[in-house]
Amino acid sequence: MTMQNNSFVAEASNLRVCYRVGRGRYFEAVRGMDLKVGRGEFFALLGPNGAGKTTCMLTMLGFIAPSAGEVRLLGNRPEPGAAVYEKVAYLPEEPLYPEFLTVREVMEYYASLYRARITAGRIGELLERLGLSNRSSFLVRECSKGMRQRLGIAACMLNSPDLYFFDELTRGLDPLMLRSLREVMKDLHRSGATIVMNSHMLSEVETLCTSAAIMNKGKVVRHDTLNNLVGRMEGRFMVETGDCPDFPEFAQVSARDNGRAVMEVAREHLTALLEFCDRQGLEFYGCRQKTRTLEDIVCDLVEDDR
Ligand code: ATP
(Lines give C-alpha, C1' and ligand atoms only; values in the text may rest on other atoms or scores of the structure.)
Protein backbone atom coordinates (compact mmCIF):
# COMPACT_ATOMS: atom_id res chain seq x y z
CA MET A 1 0.00 0.00 0.00
CA THR A 2 1.50 3.38 -0.97
CA MET A 3 1.16 6.39 1.27
CA GLN A 4 0.23 9.85 0.03
CA ASN A 5 2.46 12.71 1.04
CA ASN A 6 1.41 16.32 1.49
CA SER A 7 2.23 19.32 3.64
CA PHE A 8 -0.79 18.78 5.92
CA VAL A 9 -0.33 15.76 8.11
CA ALA A 10 -3.79 15.77 9.67
CA GLU A 11 -6.89 17.22 8.02
CA ALA A 12 -10.58 17.32 8.75
CA SER A 13 -13.07 18.82 6.32
CA ASN A 14 -16.62 19.62 7.24
CA LEU A 15 -16.41 16.93 9.90
CA ARG A 16 -19.55 15.87 11.76
CA VAL A 17 -19.66 13.20 14.43
CA CYS A 18 -22.81 11.85 16.11
CA TYR A 19 -23.05 9.58 19.14
CA ARG A 20 -26.08 7.36 19.57
CA VAL A 21 -27.49 8.25 22.99
CA GLY A 22 -30.62 6.13 23.02
CA ARG A 23 -33.05 4.44 20.71
CA GLY A 24 -33.23 6.66 17.63
CA ARG A 25 -31.59 9.54 19.53
CA TYR A 26 -28.25 11.05 18.52
CA PHE A 27 -26.02 13.74 19.95
CA GLU A 28 -23.86 15.69 17.51
CA ALA A 29 -20.52 16.17 19.30
CA VAL A 30 -18.65 17.62 16.29
CA ARG A 31 -20.67 19.97 14.11
CA GLY A 32 -19.00 20.81 10.81
CA MET A 33 -15.37 21.20 11.67
CA ASP A 34 -12.46 22.12 9.40
CA LEU A 35 -8.93 21.66 10.60
CA LYS A 36 -5.51 21.40 8.97
CA VAL A 37 -2.34 20.55 10.87
CA GLY A 38 0.86 21.31 8.96
CA ARG A 39 3.96 19.13 8.96
CA GLY A 40 6.28 19.96 11.86
CA GLU A 41 3.68 21.83 13.91
CA PHE A 42 3.26 21.41 17.65
CA PHE A 43 -0.47 21.77 17.64
CA ALA A 44 -2.92 22.13 20.54
CA LEU A 45 -6.61 21.39 20.48
CA LEU A 46 -8.14 23.54 23.23
CA GLY A 47 -11.57 24.28 24.63
CA PRO A 48 -13.87 23.64 27.58
CA ASN A 49 -14.97 20.21 28.81
CA GLY A 50 -17.27 18.61 26.29
CA ALA A 51 -16.17 20.87 23.41
CA GLY A 52 -15.43 17.79 21.29
CA LYS A 53 -11.61 17.65 21.42
CA THR A 54 -11.28 13.92 22.17
CA THR A 55 -14.05 13.07 19.70
CA CYS A 56 -12.26 15.09 17.04
CA MET A 57 -8.93 13.41 17.81
CA LEU A 58 -10.43 9.89 17.76
CA THR A 59 -12.20 10.63 14.48
CA MET A 60 -9.04 11.98 12.87
CA LEU A 61 -7.31 8.79 13.97
CA GLY A 62 -10.03 6.74 12.27
CA PHE A 63 -11.33 5.19 15.53
CA ILE A 64 -14.74 6.82 15.18
CA ALA A 65 -16.51 6.97 11.81
CA PRO A 66 -17.70 10.50 11.00
CA SER A 67 -21.38 10.96 10.14
CA ALA A 68 -20.27 13.48 7.48
CA GLY A 69 -17.08 15.01 6.15
CA GLU A 70 -13.64 13.58 5.69
CA VAL A 71 -10.40 13.09 7.55
CA ARG A 72 -6.88 12.49 6.26
CA LEU A 73 -3.79 11.31 8.14
CA LEU A 74 -0.47 11.98 6.39
CA GLY A 75 -2.61 12.47 3.30
CA ASN A 76 -4.34 9.06 3.62
CA ARG A 77 -7.76 7.87 4.71
CA PRO A 78 -7.35 6.21 8.11
CA GLU A 79 -8.84 2.77 7.43
CA PRO A 80 -8.33 -0.40 9.46
CA GLY A 81 -4.92 -1.91 8.64
CA ALA A 82 -3.80 1.17 6.69
CA ALA A 83 -0.01 1.51 6.29
CA VAL A 84 -0.29 5.06 7.60
CA TYR A 85 -0.72 3.73 11.17
CA GLU A 86 2.93 2.62 11.12
CA LYS A 87 3.86 6.32 11.19
CA VAL A 88 1.21 7.62 13.60
CA ALA A 89 1.19 7.22 17.38
CA TYR A 90 -1.64 7.88 19.83
CA LEU A 91 -1.54 8.04 23.60
CA PRO A 92 -4.98 8.17 25.23
CA GLU A 93 -5.74 10.16 28.37
CA GLU A 94 -5.65 7.05 30.55
CA PRO A 95 -3.69 4.32 28.80
CA LEU A 96 -4.48 0.79 29.99
CA TYR A 97 -1.87 -1.96 29.81
CA PRO A 98 -2.17 -5.56 31.00
CA GLU A 99 -1.40 -5.36 34.74
CA PHE A 100 0.60 -8.61 34.77
CA LEU A 101 3.16 -7.51 32.16
CA THR A 102 6.41 -5.81 33.08
CA VAL A 103 7.36 -2.42 31.67
CA ARG A 104 9.81 -4.08 29.26
CA GLU A 105 7.21 -6.67 28.19
CA VAL A 106 4.73 -3.90 27.34
CA MET A 107 7.40 -2.34 25.14
CA GLU A 108 8.16 -5.72 23.52
CA TYR A 109 4.46 -6.30 22.88
CA TYR A 110 4.02 -2.94 21.13
CA ALA A 111 7.30 -3.44 19.22
CA SER A 112 5.93 -6.75 17.87
CA LEU A 113 2.95 -4.96 16.29
CA TYR A 114 5.07 -3.12 13.73
CA ARG A 115 6.10 -4.59 10.41
CA ALA A 116 9.56 -3.07 10.86
CA ARG A 117 11.87 -4.94 13.24
CA ILE A 118 12.33 -3.02 16.46
CA THR A 119 15.44 -4.15 18.31
CA ALA A 120 15.97 -4.77 22.02
CA GLY A 121 18.55 -1.97 21.78
CA ARG A 122 15.85 0.49 20.64
CA ILE A 123 13.60 -0.57 23.53
CA GLY A 124 16.48 -0.11 26.00
CA GLU A 125 17.29 3.30 24.52
CA LEU A 126 13.69 4.51 24.92
CA LEU A 127 13.36 3.16 28.46
CA GLU A 128 16.54 5.07 29.29
CA ARG A 129 15.27 8.24 27.55
CA LEU A 130 12.04 8.16 29.57
CA GLY A 131 13.81 7.41 32.86
CA LEU A 132 12.41 3.87 33.08
CA SER A 133 15.50 1.71 32.63
CA ASN A 134 15.77 0.89 36.32
CA ARG A 135 12.01 0.13 36.40
CA SER A 136 11.88 -2.16 33.38
CA SER A 137 11.07 -5.23 35.49
CA PHE A 138 8.23 -3.49 37.41
CA LEU A 139 4.79 -4.93 36.74
CA VAL A 140 2.34 -2.44 35.24
CA ARG A 141 0.23 -2.69 38.39
CA GLU A 142 3.26 -1.52 40.42
CA CYS A 143 3.73 1.59 38.27
CA SER A 144 2.67 5.07 39.36
CA LYS A 145 0.56 7.22 37.03
CA GLY A 146 3.67 9.13 35.95
CA MET A 147 5.52 5.89 35.15
CA ARG A 148 2.59 4.62 33.08
CA GLN A 149 2.48 7.90 31.22
CA ARG A 150 6.21 7.68 30.47
CA LEU A 151 5.78 4.05 29.41
CA GLY A 152 3.04 5.17 27.01
CA ILE A 153 5.28 7.81 25.48
CA ALA A 154 8.16 5.34 25.13
CA ALA A 155 5.81 2.87 23.40
CA CYS A 156 4.58 5.62 21.06
CA MET A 157 8.17 6.41 20.05
CA LEU A 158 9.11 2.81 19.14
CA ASN A 159 8.76 3.17 15.37
CA SER A 160 9.85 6.86 15.25
CA PRO A 161 6.45 8.06 13.98
CA ASP A 162 5.98 11.25 11.95
CA LEU A 163 2.81 12.22 13.79
CA TYR A 164 1.88 11.93 17.48
CA PHE A 165 -1.54 12.45 19.10
CA PHE A 166 -1.47 12.98 22.86
CA ASP A 167 -4.72 13.30 24.82
CA GLU A 168 -4.20 15.21 28.10
CA LEU A 169 -0.61 14.06 28.33
CA THR A 170 0.25 16.15 31.38
CA ARG A 171 -2.81 15.44 33.54
CA GLY A 172 -1.95 14.50 37.12
CA LEU A 173 1.82 14.74 36.76
CA ASP A 174 4.04 16.30 39.42
CA PRO A 175 6.19 19.35 38.56
CA LEU A 176 9.42 17.34 38.15
CA MET A 177 7.70 14.87 35.86
CA LEU A 178 6.19 17.76 33.90
CA ARG A 179 9.58 19.33 33.44
CA SER A 180 11.20 16.14 32.14
CA LEU A 181 8.22 15.39 29.85
CA ARG A 182 8.44 18.90 28.45
CA GLU A 183 12.04 18.20 27.41
CA VAL A 184 11.04 14.90 25.78
CA MET A 185 8.28 16.70 23.84
CA LYS A 186 10.66 19.45 22.72
CA ASP A 187 13.16 16.81 21.51
CA LEU A 188 10.45 15.00 19.57
CA HIS A 189 9.38 18.24 17.94
CA ARG A 190 13.00 19.26 17.17
CA SER A 191 13.54 15.87 15.54
CA GLY A 192 10.87 16.83 12.97
CA ALA A 193 7.77 15.05 14.32
CA THR A 194 4.37 16.72 14.25
CA ILE A 195 2.57 16.67 17.60
CA VAL A 196 -1.14 17.19 18.18
CA MET A 197 -2.25 17.42 21.77
CA ASN A 198 -5.43 18.06 23.72
CA SER A 199 -4.80 19.95 26.90
CA HIS A 200 -6.33 22.05 29.62
CA MET A 201 -2.87 23.07 30.86
CA LEU A 202 -2.68 26.30 28.95
CA SER A 203 0.66 27.38 30.43
CA GLU A 204 2.19 24.15 29.03
CA VAL A 205 0.58 24.85 25.68
CA GLU A 206 2.05 28.38 25.67
CA THR A 207 5.51 26.97 26.37
CA LEU A 208 5.41 24.12 23.87
CA CYS A 209 3.00 24.68 21.01
CA THR A 210 3.41 26.52 17.73
CA SER A 211 -0.31 26.73 16.90
CA ALA A 212 -3.71 25.98 18.37
CA ALA A 213 -7.34 25.52 17.50
CA ILE A 214 -9.89 26.53 20.11
CA MET A 215 -13.06 24.46 20.02
CA ASN A 216 -16.45 25.14 21.53
CA LYS A 217 -19.66 23.16 21.08
CA GLY A 218 -18.18 20.91 18.42
CA LYS A 219 -16.71 23.65 16.24
CA VAL A 220 -13.41 25.47 15.85
CA VAL A 221 -13.93 29.06 16.97
CA ARG A 222 -10.33 30.20 16.35
CA HIS A 223 -7.30 28.59 14.73
CA ASP A 224 -4.03 30.49 14.70
CA THR A 225 -0.35 30.43 15.55
CA LEU A 226 0.57 30.84 19.22
CA ASN A 227 2.47 34.01 18.28
CA ASN A 228 -0.71 35.54 16.90
CA LEU A 229 -2.86 34.31 19.78
CA VAL A 230 -0.84 35.42 22.79
CA GLY A 231 1.55 38.24 23.58
CA ARG A 232 1.54 41.96 23.69
CA MET A 233 -1.63 43.84 22.85
CA GLU A 234 -0.96 46.80 20.62
CA GLY A 235 -2.27 50.06 22.06
CA ARG A 236 -3.35 48.73 25.49
CA PHE A 237 -1.43 49.51 28.67
CA MET A 238 -1.58 48.50 32.33
CA VAL A 239 -0.82 51.41 34.67
CA GLU A 240 -0.26 51.15 38.41
CA THR A 241 -0.78 54.23 40.57
CA GLY A 242 -1.90 55.22 44.05
CA ASP A 243 -5.62 54.53 44.56
CA CYS A 244 -8.43 57.08 44.47
CA PRO A 245 -12.24 56.68 44.46
CA ASP A 246 -13.00 58.24 41.08
CA PHE A 247 -10.61 57.60 38.24
CA PRO A 248 -11.64 59.00 34.83
CA GLU A 249 -14.00 56.79 32.83
CA PHE A 250 -11.40 55.88 30.21
CA ALA A 251 -9.34 54.03 32.86
CA GLN A 252 -10.70 50.56 33.66
CA VAL A 253 -9.63 49.58 37.18
CA SER A 254 -8.78 45.86 37.19
CA ALA A 255 -7.30 45.49 40.71
CA ARG A 256 -7.08 47.46 43.94
CA ASP A 257 -4.82 46.54 46.82
CA ASN A 258 -2.94 48.23 49.64
CA GLY A 259 -3.64 51.77 48.45
CA ARG A 260 -2.65 50.93 44.87
CA ALA A 261 -4.78 50.58 41.74
CA VAL A 262 -4.02 48.79 38.48
CA MET A 263 -5.81 50.16 35.42
CA GLU A 264 -6.09 49.28 31.77
CA VAL A 265 -5.97 52.25 29.41
CA ALA A 266 -5.71 52.82 25.69
CA ARG A 267 -2.55 54.47 24.40
CA GLU A 268 -4.40 57.72 23.52
CA HIS A 269 -5.47 58.16 27.16
CA LEU A 270 -2.08 57.56 28.78
CA THR A 271 -1.09 61.24 28.98
CA ALA A 272 -4.49 62.25 30.34
CA LEU A 273 -4.24 59.59 33.04
CA LEU A 274 -0.75 60.72 34.07
CA GLU A 275 -1.98 64.33 34.22
CA PHE A 276 -4.94 63.22 36.33
CA CYS A 277 -2.62 61.40 38.76
CA ASP A 278 -0.39 64.47 38.96
CA ARG A 279 -3.36 66.74 39.78
CA GLN A 280 -4.61 64.30 42.43
CA GLY A 281 -1.11 63.88 43.91
CA LEU A 282 -1.23 60.11 43.30
CA GLU A 283 1.97 58.06 43.30
CA PHE A 284 2.93 56.56 39.89
CA TYR A 285 4.29 53.00 40.23
CA GLY A 286 4.69 51.85 36.64
CA CYS A 287 3.26 51.18 33.21
CA ARG A 288 3.60 48.14 30.89
CA GLN A 289 2.03 47.02 27.66
CA LYS A 290 -0.92 44.70 28.25
CA THR A 291 -0.29 41.05 27.42
CA ARG A 292 -2.84 38.39 26.60
CA THR A 293 -2.53 34.87 27.89
CA LEU A 294 -3.97 31.81 26.22
CA GLU A 295 -6.34 31.51 29.18
CA ASP A 296 -7.71 35.03 28.41
CA ILE A 297 -8.22 34.07 24.76
CA VAL A 298 -9.91 30.73 25.45
CA CYS A 299 -12.20 32.19 28.13
CA ASP A 300 -13.16 35.20 25.96
CA LEU A 301 -13.91 33.08 22.89
CA VAL A 302 -15.98 30.60 24.84
CA GLU A 303 -17.87 33.41 26.66
CA ASP A 304 -18.61 35.13 23.32
CA ASP A 305 -19.88 31.83 21.87
CA ARG A 306 -22.31 31.03 24.73
P1 ATP B 1 -12.94 17.05 27.98
O2 ATP B 1 -12.12 18.32 27.93
O3 ATP B 1 -13.85 17.01 29.15
O4 ATP B 1 -12.12 15.80 27.81
P5 ATP B 1 -13.73 17.01 25.16
O6 ATP B 1 -13.62 18.38 24.57
O7 ATP B 1 -12.63 16.06 24.87
O8 ATP B 1 -13.97 17.14 26.73
P9 ATP B 1 -15.50 14.97 24.14
O10 ATP B 1 -15.04 13.93 25.11
O11 ATP B 1 -15.08 14.86 22.74
O12 ATP B 1 -15.13 16.43 24.68
O13 ATP B 1 -17.09 15.02 24.23
C14 ATP B 1 -17.84 15.90 23.38
C15 ATP B 1 -19.32 15.67 23.68
O16 ATP B 1 -19.69 14.36 23.24
C17 ATP B 1 -19.68 15.76 25.14
O18 ATP B 1 -20.93 16.41 25.26
C19 ATP B 1 -19.77 14.33 25.58
O20 ATP B 1 -20.72 14.18 26.63
C21 ATP B 1 -20.25 13.63 24.33
N22 ATP B 1 -19.75 12.26 24.23
C23 ATP B 1 -18.46 11.86 24.24
N24 ATP B 1 -18.36 10.53 24.12
C25 ATP B 1 -19.63 10.06 24.01
C26 ATP B 1 -20.22 8.75 23.85
N27 ATP B 1 -19.46 7.68 23.74
N28 ATP B 1 -21.57 8.67 23.79
C29 ATP B 1 -22.35 9.77 23.85
N30 ATP B 1 -21.85 11.04 24.01
C31 ATP B 1 -20.53 11.17 24.09
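Let's start with helices α2 and α3. Helix α2 covers residues 103-112, and helix α3 covers residues 120-129. This is a predicted model, so keep that in mind throughout. The two axes come within 10 Å and cross at roughly 130 degrees. The crossing is right-handed.

Which residues make the contact? From α2, they are Val 103, Arg 104, Met 107, Glu 108 and Ala 111. From α3, they are Ala 120, Ile 123, Gly 124, Leu 126 and Leu 127. By class, that gives seven nonpolar residues, one polar and two charged.

Stay with α2, and turn to α4. The axes of α2 and α4 come within 9 Å. They cross at roughly 30 degrees. The two helices are therefore roughly parallel to each other. This crossing, too, is right-handed: α2 with α4, as with α2 and α3.

On the α2 side we have Val 103, Val 106, Met 107 and Tyr 110. They meet Leu 151, Ala 154 and Ala 155 of α4.

Next, α4 and α5. Helix α4 spans residues 145-157, and helix α5 spans residues 175-190. Their axes come within 12 Å and cross at roughly 10 degrees. So α4 is roughly parallel to α5.

From α4, the contact uses Gly 146, Arg 150, Ile 153 and Met 157.

Now step back to the domains. Domain 1 runs 8-227, and domain 2 runs 231-304. How many Å separate their centres? Over C-alpha atoms, the separation is 41 Å. The contact between them takes 10 residues from domain 1 and seven from domain 2.

Interface size is often quoted as the accessible area lost when the parts come together. Between domain 1 and domain 2, about 770 Å² is buried. Carbon and sulfur atoms give 79% of that. On the domain 1 side, look at Leu 202, Glu 206 and Ile 214. Those three supply 49% of the area that domain 1 buries against domain 2, more than any other three residues.

Notes:
Residues are numbered from 1 along each chain as its sequence is written. This is a predicted model: local features need pLDDT of at least 70, side-chain atom pairs count only at pLDDT 80 or more; totals for chains, interfaces and linings use all residues. Side-chain values use heavy atoms; hydrogens and water are left out. Axes are lines fitted to C-alpha atoms, for helices over the stretch in contact, and angles run from 0 to 180 degrees between N-to-C directions. Helices (H or I, at least four residues) and strands (E, at least two) are DSSP runs, numbered from the N terminus. A crossing is left-handed if the near helix is turned anticlockwise from the far one by less than a right angle, and right-handed if clockwise. Contact means heavy atoms within 4.5 Å. Ala, Val, Leu, Ile, Met, Phe, Trp, Tyr, Cys and Pro count as nonpolar, Asp, Glu, Lys and Arg as charged, and the others, Gly among them, as polar. Domain bounds come from an automatic or database domain assignment. Buried area is the accessible area (1.4 Å probe) that two parts lose on being put together, summed over both. Angles under 35 degrees count as roughly parallel, over 145 as roughly antiparallel, 65 to 115 as roughly perpendicular and the rest as oblique.
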